[in-house]
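Visitor: Could you walk me through this one, and tell me what each label rests on?

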Amino acid sequence: MAAIVIDRLDPRSADARALLAASDALMAALYPAESNHLVPAEELAGPEFLFLGAFEEGRAVASAGIRLHAAKPPYGEIKRLFVLEAYRGRGLSKKLMTRLERYAGQNGCRLTRLEVGVHQPEAISLYRQLGYVERPPFGDYEPDPLSLFMEKSLSAA
């Protein structure tokens, strides 16, 4: 098994678009369109985002992004965490989340937030293991019985 490398990933690249398309298909199978809050590749490429990939032998097999919000208090919003099925269970989500949280902290955020669908028990379990707790909707989100909204306080370090 080749080593996995975490690095920036251009969300407009072919690898990223393939991961995003697989994620879109999964979300469309689980939720109606109005409960999917998917950010497109062009938006993920914006200056307020950091988009990362997990690469095996140069091929992206997982990805995740964070959008920095200049709200009071500032926070980072995790978006588009996805791991190809063949690579699940290897800790890639945890590695990506750790890097994104560190980036948020380095950029003045004391909180990270996310929205996750209720039909994704593995993701919800991961977020709880990482210290995320449920909270009301934030930002532009409206209450949705198919969504959980979560946040994590980042250490001052």
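**Helices, sheet and rings**

Guide: Start with helix α3 (residues 92-106), which lies across β1, β2 (49-56), β3, β4, β5 (111-117) and β7 (147-153) and runs at about 30° to β3. This is a predicted model, where local features need pLDDT of at least 70, side-chain atom pairs count only at pLDDT 80 or more, and totals for chains, interfaces and linings use all residues. Residues are numbered from 1 along each chain as its sequence is written, and side-chain values use heavy atoms, with hydrogens and water left out.

Visitor: What makes a helix or a strand here, and what does the angle refer to?

Guide: Helices (H or I, at least four residues) and strands (E, at least two) are DSSP runs, numbered from the N terminus. Axes are lines fitted to C-alpha atoms, for helices over the stretch in contact, and angles run from 0 to 180 degrees between N-to-C directions. Contact means heavy atoms within 4.5 Å. Helix α4 (residues 121-129) lies across β4, β5, β6 and β7, at about 160° to β5.

Visitor: What is the order of the strands in the sheet?

Guide: It's an open sheet of seven strands, β1-β2-β3-β4-β5-β7-β6, with mixed pairing. β1 (4-8) and β6 (133-135) are at the edges: each has a single partner strand, so one side of each is left without a neighbour in the sheet. From one strand to the next, the twist averages 30°.

Visitor: How do you know that β3 and β4 pair?

Guide: Two strands pair if DSSP finds at least two bridges between them. Seven bridges join β3 (residues 59-69) to β4 (residues 75-83), and the two run antiparallel. Arg67, for one, has Glu77 in β4 as its bridge partner.

Visitor: And what joins β7 to β5 and to β6?

Guide: β5 and β7 pair in the antiparallel sense over seven bridges, with Ser153 in β7 as the bridge partner of Leu111. β6 and β7 are antiparallel too, over three bridges, and Arg135 stands opposite Phe149 in β7.

Visitor: Why is β7 called largely enclosed?

Guide: Because six of its seven residues are buried. Buried means under 20% relative accessible area, exposed over 50%, and partly exposed in between (1.4 Å probe, protein chains only).

Visitor: Why is the Phe138 and Tyr141 pair called edge-to-face?

Guide: Rings of Phe, Tyr and Trp (its six-membered ring) pair if their centres lie within 6.5 Å; planes under 30 degrees apart count as stacked, over 60 as edge-to-face and the rest as tilted. The centres of Phe138 and Tyr141 are 5.0 Å apart and their planes are at 65°, so edge-to-face it is. A search of the whole structure finds five aromatic pairs. Tyr75, Phe138, Tyr141 and Phe149 form one aromatic cluster.

Visitor: Are Phe138 and Tyr141 buried or exposed?

Guide: Phe138 has 3% relative accessibility, so it counts as buried. Tyr141, at 14%, counts as buried as well.

Visitor: What makes Arg113 a charge over the ring of Tyr75?

Guide: The rule asks for NZ of Lys or CZ of Arg within 6 Å of the ring centre and within 35 degrees of the ring normal. Arg113 lies over the face of Tyr75 at 4.5 Å from the ring centre.

Visitor: What counts as a nonpolar core?

Guide: A set of buried Ala, Val, Leu, Ile, Met, Phe, Trp, Tyr and Cys residues joined through side-chain atoms within 4.5 Å. The largest has 42 residues, and Leu114, Val116, Tyr127 and Tyr132 have the most contacts inside it. A second, separate core of five residues includes Tyr75, Leu111, Phe138 and Tyr141.

Visitor: Which backbone angle stands out at Glu57 and at Arg80?

Guide: Phi is positive in both, although neither is a glycine: about 50° at Glu57 and about 60° at Arg80. Glu57 is in the loop between β2 and β3 and, at 72% relative accessibility, counts as exposed. Arg80 lies in strand β4 and is buried, with a relative accessible area of 8%.

Visitor: Where is the cis peptide bond?

Guide: From Lys72 to Pro73, with omega near -5°. Pro73 is in the loop between β3 and β4.
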